[in-house]
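Morning, everyone. I'll keep this short: cavities, then a helix contact, then a sheet. Please have the viewer open.

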Amino acid sequence: MAEGFGELDGLHGVVALRGGEPLVEWYGSGADFSWNTPLGVREFGPESLHDLRSVTKSVTGLLYGIAHGAGLVPGPAEPLFAHFPQYPDLAADPDRARRTVAHALTMSLGLEWREEVPYDSPANAEIAMEMSADRYRYVLERPVLGPPGEKWSYCGGASALLGKLIADGTGRPLPDYAADVLFGPLGITQFEWLSGADGVASPASGLRLTPRDLARIGELVRSGGAEVVPPEWLATMVEPRLRTDWGAQYGYHWYIESFAGRRTLTAAGNGGQRLHVVPELELTVAITAGNYDDPEQWRTPNAVLERLLKT
């Protein structure tokens, strides 16, 4: 079954565990990138760091839960703008002031945000945010499109706001905090976290991990926190709250999907990056791929998961 993975377009790596035990480990070859910087064609292997792109958002969601459990960040119900006092002009707008931390966690801020254009274009809101002199003002001053909490709208800016709350609350850069409270306890020692023009690590898309270490994070979610993430946060994190444009449900920076009738918790990133946790089957699947900006990039990771669900 694993031998057939080589037929899947753009697939770079698969690590699957069942009940915490190895099920499949497979690596391919292809063009590698660090964000939009080409790294050449390479043979991927167990030690190869790989862009996770927006899987990073779900890791940020876990870090927020750890910080929340330690009393270092505001709770979901707290007003968002109260924790960005550097923008009193924006906070003075009563419509904007209705936004809460939960609206950032669920990507339902009701602000204009366009990420449907390729990620090598400054017309993409995430790229424009990373190039901005003040990423947080860039996010918070986006035009108001509607009431918060009513509609899910994909927004890397929401992740940036959460990252700022974590950094402010812990007094540490996001990668340093992650190394101590998440990666270290899981035995993850090798990672990179890319930064924007302002030198701030991107909570939306900057993380690079090996597939094995990505699977460790999936196992953390599957096992209920493993004394790293508060179990009550994990439970609320994967509680369905809003429906996405394509039908999946969304919790706190994690997707809740159904594959072959199985409830599946998913972190997803551009190019086909995936972390799937199927609690019913005690299955964790980490996938890396290189189909960046391809409109049908979902086909390869879906095919991997569908094959594994049949085993």
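The lining of the second largest cavity splits into 4 nonpolar, 3 polar and 1 charged residue. This is a predicted model, by the way. Who lines that cavity? Ser54, Lys57, Ser58, Tyr154, Tyr250, His253, Tyr255 and Ala268 do. Its volume is about 30 Å³.

How many cavities of 30 Å³ or more does the structure hold? The count is 2. The largest cavity has about 70 Å³ of space. Its lining includes the run Met107, Ser108, Leu109, Gly110, Leu111, Glu112 and Trp113. Val139, Arg142, Ser153, Cys155 and Ala158 also line the largest cavity. By class, that lining has 7 nonpolar, 3 polar and 2 charged residues.

Next, the helices. Helix H1 covers residues 55–69, and helix H7 covers residues 174–186. Their axes come within 11 Å and cross at roughly 75 degrees. Angles of 65 to 115 degrees count as roughly perpendicular, so H1 is roughly perpendicular to H7. On the H1 side, the contact uses Val59, Thr60, Leu63, Ile66 and Ala67. H7 brings Leu174, Tyr177, Ala178, Val181, Leu182 and Phe183. That contact has 10 nonpolar residues, 1 polar and no charged ones.

Last, the sheet. It is open, with 3 strands in the order S5-S7-S6 and antiparallel pairing. Which strands sit at the edges? Strand S5 (50–51) and strand S6 (192–193) do, and each pairs on one side only. S6 pairs with strand S7, residues 207–209, over 2 bridges. Glu192 has Arg208 in S7 as its bridge partner.

Key:
Residues are numbered from 1 along each chain as its sequence is written. This is a predicted model: local features need pLDDT of at least 70, side-chain atom pairs count only at pLDDT 80 or more; totals for chains, interfaces and linings use all residues. Side-chain values use heavy atoms; hydrogens and water are left out. Two strands pair if DSSP finds at least two bridges between them. Helices (H or I, at least four residues) and strands (E, at least two) are DSSP runs, numbered from the N terminus. Axes are lines fitted to C-alpha atoms, for helices over the stretch in contact, and angles run from 0 to 180 degrees between N-to-C directions. Angles under 35 degrees count as roughly parallel, over 145 as roughly antiparallel, 65 to 115 as roughly perpendicular and the rest as oblique. Contact means heavy atoms within 4.5 Å. Ala, Val, Leu, Ile, Met, Phe, Trp, Tyr, Cys and Pro count as nonpolar, Asp, Glu, Lys and Arg as charged, and the others, Gly among them, as polar. On a 1 Å grid over the protein atoms alone, a cavity is a set of points where a 1.4 Å probe fits but cannot get out, and a pocket is an open set with protein on both sides within 12 Å along at least five of seven lines; lining residues have an atom within 4 Å of a point. Grid points are joined across faces, edges and corners, and a volume is the space filled by probe spheres set on the points.
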